Amino acid sequence: MTDPRLGDGLWGALARLPRGSGVIFRHYQLPPAERRALFARIAKVARRRGLVLLRAGAEPMRGERGTHGRHGRGLTTWPVHSRREAIAAMRAGADALLVSPVFPTRSHPGAPLLGPVRFGLLVRGLSVPVIALGGMDTHKARRLKPLGIHGWAAIDGWTR
């Protein structure tokens with residue numbers, strides 16, 4: 001997940017992602033021209049490194065391979081915070097779900113947390129890949145692996 005808090009750490013995070021990883025471009029606060037320019041820079045890195053670049057936000061971007069939180073062309077991921085949202089997202093055609101917040105996160109301070117048990121109950125038996133989000137890092141992802149996660153996403157987890 002891109003976020004202004006990453007600053008120039010964004011480029012190091014992109015360099016560390018394994019080939020085939022996804023990047024969800026956010027940076028909502030940027031003026032449209034700056035947002036398109038940053039997306040183009042990230043798209044160039046994504047193509048070179050074999051990363052799948054998805055766009056969050058309303059404005060389509062050249063080079064996107066899909067969308068997050070809305071329908072568009074290509075892959076569709078959907079943010080999910082409850083079982084009801086998960087079912088609705090799957091019915092709407094989501095290709096993958098980003099389920100959050102699993103653990104405490106700076107992105108949503110004070111938000112109700114799922115924790116591993118509620119996370120496991122929420123994702124049990126879902127028919128699309130589940131990506132854990134919220135306070136994630138490699139250690140926490142290993143803890144959730146037995147629950148069937150396809151992967152994990154982070155903002156701060158890439159800068160530590």
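Which backbone oxygen lies 3.3 Å from a polar atom of the side chain of R55? In this predicted model, the backbone oxygen of E59 is found at that distance from the side chain of R55. The chain as a whole is described before returning to this residue.

**The chain**

The secondary structure consists of 5 helices and 7 strands, which follow one another from the N terminus in the order α-β-α-β-β-β-α-β-α-β-α-β. The radius of gyration is 15 Å, close to the 15 Å that the globule rule gives for 160 residues, so the chain is as compact as a globular protein of that length. Along the principal axes, the C-alpha atoms fill a box of roughly 40 × 35 × 30 Å. Of the 160 residues, 46% are buried, and among contacts with a separation of 6 or more, 49% join residues 24 or more positions apart. The chain exposes about 8700 Å², of which carbon and sulfur atoms supply 56%. The chain carries 27 positive and 9 negative charges, whose mean positions are 6 Å apart.

R55 belongs to strand β2, which spans residues 52–56. With a relative accessible area of 4%, under the 20% limit, R55 counts as buried.

| Side chain | Backbone oxygen | Distance |
|---|---|---|
| R55 | G57 | 2.5 Å |
| R55 | E59 | 3.3 Å |

Apart from its neighbours within four places in sequence, R55 is in contact with F25, F39, P60, M61, E64, G66, T67, H68 and R70.

Notes:
Residues numbered from 1 in each chain as written. Predicted model: local features only at pLDDT ≥ 70, side-chain atom pairs only at ≥ 80, totals over all residues. Heavy atoms only, no water. Helix = DSSP H or I, 4+ residues; strand = E, 2+ residues; numbered from the N terminus. Rg over C-alpha atoms; globule rule 2.2 N^0.38 Å. Buried < 20%, exposed > 50% of the residue type's maximum accessible area, 1.4 Å probe, protein only. Contact = heavy atoms within 4.5 Å. Areas by Shrake-Rupley, 256 points an atom, 1.4 Å probe, with all protein chains shown as cover. Lys, Arg positive; Asp, Glu negative; His and termini not counted. Charge placed at Lys NZ, Arg CZ, Asp CG, Glu CD. Polar contact = N/O pair within 3.5 Å; in protein donor to acceptor, adjacent residues only side chain to side chain.
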